[in-house]
Amino acid sequence: MTVHPTQAADANQPPPPGRFRRLSRRARLPVLGVTVSVLLLALAVSWIAVRGLLARSHLRTAQNEIVALDRALRGSDRLSGAALRSRIGMISAETAVARKLTGDPLWALLDHVPTIGCPSRSVRSMVTAVDRLVADSRTLLDPKGSVLDLDSLRSGTTIDVDRIATARPAADTTHNAITQFRRQLESTSSCGAIGDGIGLADARDTGMQYAERLERAAATLDLATRLVPPMMGADGPRRYLLVVQNPAESRATGGIIGAFGLLTVTDGRIELADISGNGRLPGGPTQRGPATQLPPELESMYAAAEPTRVWANANLTPHYPTVGSFYTALYQAGTGVHVDGTVSIDPTTLAYLLAATRPAVLPDGRIVPAGRLVELVESQVYAEIANASGRDDFFATVGRAVYDAVASGTGNTSALLSALGRAASEGRLLVSSNHPAEQKILETTALGGALPESDGPYLAVVTQNAAASKLDYWMRRSTDYHSVRRPDGSADVTITIRITNAAPAGLGDYVRNRSDQPAPGQPGSGQSAPPKGNPDAQNLLSLAVYTGAGSGLQAATLDGLPVGMRRDVERGHPVLSTPLPVNRGQTRTLVLRLWEPVARPTLLFRPQPLVVPEAFTASGVRSVAPWSRNPE
């Protein structure tokens, strides 16, 4: 290429001013565009950040109000209907503002920006979910009052069943709304490291915890609106056999029947007819013939104990629907009176109720506080009153005094419901209905006490007194469940059960009773029968372990030595059992090694209501109640 002199000279000279300016504009336009874009983006991010902080502030206020509302509904605070509606209104207003702050076009635009788009979408999703949940849940608040205004629902022992029935559509809507809220949180991304850095993951996890608890509460409320009105006599009077169990002589559902009464419920009003000790059981402690047929599945396990004739053995099975049917049949055979179902409680349940109301006052002026009731009726009474008739009268007097305390209207309804809920979760409060539709619903709850027919890990340890003594008041029990998953999806399980006889010296003859004497020592126990009168208070138990469907026993040892276990099946669950004498001061250790065909992350564990609750630990799995929803 030839370069002309003039061109070369021009190349070494500065360009004319006008030309320079034209080239400068062209060169600076892209720079200016980038600058403006960055500035606009910065402004947008700043705007969104400010709105995000504002939204967070409103959500935090709403969260504080929700915590306060939760505390109030659990009974530590008390709210009137107006205060309740005001608090719900405040929560709704705060979440609505937060949703508006995260719902403008700029925030939506941020969803498409790399890196920060995920947190933006997740925040907006969670805020929208919270606001929608609060809006949908407001249907529970009726201008005339809400079922959440618990104190106004109860007057003494009368429940406003009409208001509960009216709340059914709202309860169903709220339950569905909470379920949708939980599902939306589950599908919301926590956005990895960025989400962790801005607290998104923590917010999501906290929301999930609230959602799971709310869903359980909403399911309970939904069931209550379905069950409470008819079972509380909204459609006509109902009668229920009240059974007060005595765990000092243990049975699968708690203890032998120690006292009984008849509850009559009319339009929400509960009345207790005469309550009596077990010395006055209808038809006598053992009736002339079976009151009903024993299911074929139970014959090999329980036929010898005659649970359809012997009141004290009616609850040998842990499946309470069967127990309830036995109790009602025995009562009807002995009295000719038909009942609509049963309610089983124990002295610990009564103590929970006294703690929520006031101490019981006996006719002689003696005051029985909640903390003294269990010891009084399960242990002290046997030292103070020598004859059975006197004890029966005393049990009836205490039962009536506890009923009067609850009926007095003292305490708040939230605390009473919490007491009943605690008793139900521990298996101490059980209910059956002779109305099939109601019974079907009950069996899905802790109140129904059903032995579930399902696969997967399951455990229920059951000890039953085999000598008609009252030594189980001094029984202490601990259980450890250890699961190791196999590559094929099954699991190796080790169950370690320790039972201690903590009875002191000097207990009375009635407490130390051994109805099995002069029988020889139990096979495989390594111990002989105690001397006549059982002066050393040796306890005699029947120990049964219910495991998961299809599980198989690999080995069993008692105190380190091989032991034979009887094998039965109840409602699909293998039942491994053995007689177990336990000397005073002794701890006996049973170790079972099992193969579980299905290794799931959760174990359905059913506690037995004992005087002192069982100490339970689990490793390799998470334990939940058999009646939990979404146990996985």
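A: Nine of the ten residues of helix 12 are buried, so this helix is largely enclosed by the rest of the structure. The model is a predicted one. The buried residues of helix 12 are Pro347, Thr348, Thr349, Leu350, Ala351, Tyr352, Leu353, Leu354 and Ala356. Ala355 also belongs to helix 12, which covers residues 347–356. Ala355 counts as exposed because its relative accessibility is 62%, and the cut-off for exposed is over 50%. Ala355 can also be placed against Gly371: 16 residues separate the two in sequence, and their C-alpha atoms are 8.0 Å apart in space. As background to reading a helix, an α-helix has 3.6 residues a turn, so residues three or four places apart point the same way.

Six strands form an open sheet with mixed pairing, in the order 19-20-16-13-22-24. At its edges are strand 19 (566–570) and strand 24 (622–624), each of which pairs on one side only. From one strand to the next, the twist averages 30°. Strand 13 (residues 458–465) and strand 16 (residues 539–547) run antiparallel and are joined by seven bridges. Val462 has Ala544 of strand 16 as its bridge partner. In general, strands of a sheet pair through backbone hydrogen bonds, either parallel or antiparallel.

Two loop residues follow. Ala468 lies in the loop between strand 13 and strand 14 (475–485). Although Ala468 is not a glycine, its phi is positive, at about 55°. With 30% relative accessibility, Ala468 counts as partly exposed. Asp559 is found in the loop between strand 17 (552–558) and strand 18 (561–562). The phi of Asp559 is near 55°, a positive value in a residue other than glycine. Asp559 is partly exposed, its relative accessible area being 35%.

The structure holds four aromatic pairs. One of them is edge-to-face and consists of Tyr473 and Trp474, with 4.9 Å from centre to centre and 80° between the planes. Tyr473 and Trp474 are both buried. Another ring, that of Tyr510, has Arg391 over its face, at 4.1 Å from the ring centre.

To return to the part asked about: helix 12 is largely enclosed by the rest of the structure, since nine of its ten residues are buried, while Ala355 counts as exposed.

Note on methods. Residues are numbered from 1 along each chain as its sequence is written. This is a predicted model: local features need pLDDT of at least 70, side-chain atom pairs count only at pLDDT 80 or more; totals for chains, interfaces and linings use all residues. Side-chain values use heavy atoms; hydrogens and water are left out. Rings of Phe, Tyr and Trp (its six-membered ring) pair if their centres lie within 6.5 Å; planes under 30 degrees apart count as stacked, over 60 as edge-to-face and the rest as tilted. Buried means under 20% relative accessible area, exposed over 50%, partly exposed in between (1.4 Å probe, protein chains only). A charge sits over a ring if NZ of Lys or CZ of Arg is within 6 Å of the ring centre and within 35 degrees of the ring normal. Helices (H or I, at least four residues) and strands (E, at least two) are DSSP runs, numbered from the N terminus. Two strands pair if DSSP finds at least two bridges between them. Axes are lines fitted to C-alpha atoms, for helices over the stretch in contact, and angles run from 0 to 180 degrees between N-to-C directions.
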